[in-house]
Amino acid sequence: MQDMSDDELIGLYLENNEEAIAVLLSRCAVSVEKWIRFSTRDEETVKDLYQEIMVHLLLKIQQRAYRRGCFVAWLYSLVSNYLCSHYRKSVCRWSPMWNM
């Protein structure tokens, strides 16, 4: 399975092949984790966000939100949007303007 394309692995995962998604996630895990670590610099937050993003990724794949093409680009946009949402929520939560 290591030599299969990302699109092929996603197709297998949608046919309930759990090994296919494990291979796909192992390909991108390090880069996603580095990106989160660079954005947060807090190890506990990195672990939490990584898990949340991976669950979000699996849900989006199951919902067929991914269309064939460049999986890595789609993944990075998903991670970027998720991190933006996370920071927007944290800023609103701590902003004095919202505590009025």
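Me: What kind of model is it, and how are residues numbered?
Reply: This is a predicted model, in which local features need pLDDT of at least 70 and side-chain atom pairs count only at pLDDT 80 or more, while totals for chains, interfaces and linings use all residues. Residues are numbered from 1 along each chain as its sequence is written, and side-chain values use heavy atoms, with hydrogens and water left out.

Me: Thanks. How many helices and strands does the protein have?
Reply: The protein has 4 helices and 0 strands, so the order from the N terminus is α-α-α-α. Helices here are DSSP runs of H or I with at least four residues, strands are E runs of at least two, and both are numbered from the N terminus.

Me: And the overall box, and how much is buried?
Reply: Taken along the principal axes, the C-alpha atoms fill a box of roughly 55 × 25 × 20 Å. Of the 100 residues, 31% count as buried. Buried means under 20% relative accessible area, exposed means over 50%, and partly exposed is in between, with a 1.4 Å probe and protein chains only.

Me: What share of the contacts join residues at least 24 apart?
Reply: That is 49% of the contacts between residues at least 6 apart in sequence. Contact means heavy atoms within 4.5 Å.

Me: Now the helices: how do helix 1 and helix 2 pack?
Reply: Helix 1 and helix 2 (residues 18-40) pack at an angle of about 145°, and their axes are 7 Å apart. The axes are lines fitted to C-alpha atoms, for helices over the stretch in contact, and angles run from 0 to 180 degrees between N-to-C directions.

Me: Which residues meet there?
Reply: From helix 1 you have D6, L9, I10, L12 and Y13, and they meet E18, A20, I21, V23, L24 and R27 of helix 2.

Me: Where are the salt bridges?
Reply: A search of the whole structure finds 3 salt bridges, each being a side-chain nitrogen of Lys or Arg within 4 Å of a carboxyl oxygen of Asp or Glu. One of them pairs R27 with D6, with the closest N and O atoms 2.6 Å apart. That pair links distant parts of the chain, with R27 in helix 2 and D6 in helix 1, 21 residues apart.

Me: Is D6 buried or exposed?
Reply: D6 is buried, because its relative accessibility is 19%.

Me: What about R37?
Reply: R37 forms a salt bridge with E33, the closest N and O atoms being 3.0 Å apart. Both lie in helix 2, 4 residues apart, which is about one turn of the helix. R37 also meets E43 in a salt bridge of 2.9 Å, N to O. Salt bridges that share partners join E33, R37 and E43 into one network.

Me: How accessible are those three?
Reply: They are partly exposed: R37 at 31%, E33 at 29% and E43 at 35%.

Me: Switching topic, how many disulfides are there?
Reply: The structure holds 0 disulfides, a disulfide being a pair of cysteine sulfur atoms within 2.5 Å.

Me: Last one: what surrounds I61?
Reply: I61 sits in helix 3 (residues 43-62) and counts as buried at 2% relative accessibility. Leaving aside neighbours within four places in sequence, I61 is in contact with I10, Y13, L14, I21, F71 and W74. The C-alpha atoms of I61 and G11 are 9.7 Å apart, though 50 residues separate them along the chain.
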